[in-house]
Amino acid sequence: MFEHSENVIERIVAHLRRPVQIDPAVDSRVMEEIAGGPTPRVSGPHEAPPAETATRAFQFVVVAPRAARVALVGDFNDWDAARTPMRPSQRGGPVWTAVVPLSPGRYRYAFLVDGSRWLADPAAPAARDDEFGTPSSVVTVGGS
Amino acid sequence: MHLLRTTSTSLLGATLIATAAAAQDQRLDRLDPSVRPLVASVIDSARAAGLPTEPLVQRALEGATKGAPGEVIVGAVQRLVADLGEARSALGPGTTPPELAAGAAALRAGAGPAVLAKLRRARSQTITVPLAVLADLVASGVPVDSAAAAVLALASTTRDADLVEFRRAVERDIALGAPPGMAVSTAASAAYGAQGLQLDAGARQSRPSRP
């Protein structure tokens with residue numbers, strides 16, 4: 001019984017220590033206050049309002065305190081760190097965002113902080129087929 | 001005989017063109033000069049076999065950007081070729097490149113070719129998202145059999161967006177402490193509606209006990 005309770009506490013602590021995740025349903029005004037700009041989402045890539053075309057815009061968000069620059073790299077931009085720099089929040093906070101148009105499919109991606117530190121998206125599925133020793137995440141874009 | 005010679009010449013020409021295409025892909029210039037021809041050769045072989053090459057290029061570029069050793073990059077691309085080939089065998093010749101890529105990921109996650117074939121038969125529309133959700137669930141810790149059973153049960157009647165939401169629900173429950181097998185069962189039942197859903201998973205986990 002005691003051991004089981006410890007496990008529960010450990011799980012709760014581990015959950016609380018995860019990088020910031022906020023339910024996407026959170027009041028948009030609160031999010032604007034956090035980022036000082038348009039409503040960011042802090043729970044993995046989120047689909048922007050649907051477009052008529054097959055390509056849809058997805059917003060990627062990461063919290064990276066003290067970062068000087070953050071790049072979004074993945075299957076959608078040739079893993080080129082110069083292609084998709086992320087924008088910091090207008091008030092200089094730790095929230096960085098980028099919007100990328102994606103066609104239906106499964107994409108692997110990661111965040112590159114200050115050109116050397118790799119971060120997976122804590123709010124997205126992990127790429128199990130990672131073979132290069134650094135974490136990656138997965139975003140899946142559906143067609144229906 | 002003449003026809004055979006003509007066909008062989010055409011195939012040879014197509015292969016040479018393909019080889020030239022891979023060799024001229026400037027994106028591969030980011031690879032180490034000693035690695036680039038090896039990767040290009042693997043990609044050429046895949047193209048000749050009718051497999052999609054873009055996932056292979058992306059895998060090589062990922063390795064280059066992450067600073068992986070050359071042999072690791074080549075090995076990763078070769079394994080992806082094998083997975084794509086196995087996925088095509090399971091899913092059929094008309095499979096789209098996104099479906100093949102998602103199928104390869106599902107195979108890598110541990111799903112068997114039979115599951116991929118069942119998914120193909122279960123759904124008339126594209127199965128990219130069901131395959132991707134299957135791979136993601138397994139990555140989240142859900143036993144392969146449980147994940148496959150749930151996705152197979154939902155695939156025929158559930159839209160892509162709802163499948164993605166189903167996966168999110170499972171991940172939420174796991175993050176809150178639910179055993180992965182139980183989380184997928186609960187979310188699948190909710191997604192399937194009041195009629196309930198029996199998951200013949202063969203890998204069920206016990207109900208979580210209360211502290």
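This is a predicted model: local features need pLDDT of at least 70, side-chain atom pairs count only at pLDDT 80 or more; totals for chains, interfaces and linings use all residues.
1. Five of the five residues of E8(A) are buried. Helices (H or I, at least four residues) and strands (E, at least two) are DSSP runs numbered from the N terminus.

2. E8(A) runs antiparallel to E6(A), and five bridges join the two (strands pair if DSSP finds at least two bridges between them). Val141(A) in E8(A) is the bridge partner of Gly105(A).

3. The contact between the chains takes 27 residues from chain A and 35 residues from chain B (two residues are in contact if their C-beta atoms, placed from the backbone, lie within 7 Å). On the chain A side, H1 (2-17), E6 (105-113) and E8 (137-141) each supply at least two residues. H1(A) gives the most, with five residues. By class, this side of chain A has nine nonpolar, ten polar and eight charged residues (nonpolar: Ala, Val, Leu, Ile, Met, Phe, Trp, Tyr, Cys and Pro; charged: Asp, Glu, Lys and Arg; polar: the others, Gly among them).

4. Chain B is divided into domain 1 (1-94) and domain 2 (111-211), with bounds from an automatic or database domain assignment. Their contact takes six residues from domain 1 of chain B and four residues from domain 2 of chain B. The domain 1 side has three nonpolar, two polar and one charged.

5. The largest nonpolar core has 92 residues, and Ala106(B), Leu134(B) and Ala135(B) have the most contacts inside it (a core is a set of buried Ala, Val, Leu, Ile, Met, Phe, Trp, Tyr and Cys residues joined through C-beta atoms within 7 Å). Each domain of chain B contributes at least three residues to this core.

6. Chain A averages a pLDDT of 75, and 63% of the residues score at least 70 (pLDDT is the predictor's confidence in each residue, from 0 to 100).

7. Conventions: residues are numbered from 1 along each chain as its sequence is written, and chains are lettered from A and ligands numbered from 1 in the order in which they are written. Local features need pLDDT of at least 70 and side-chain atom pairs count only at pLDDT 80 or more, whereas totals for chains, interfaces and linings use all residues.

Methods:
A residue is buried if 20 or more other C-beta atoms lie within 10 Å of its own, exposed if 12 or fewer, and partly exposed in between; C-beta atoms are placed from the backbone.
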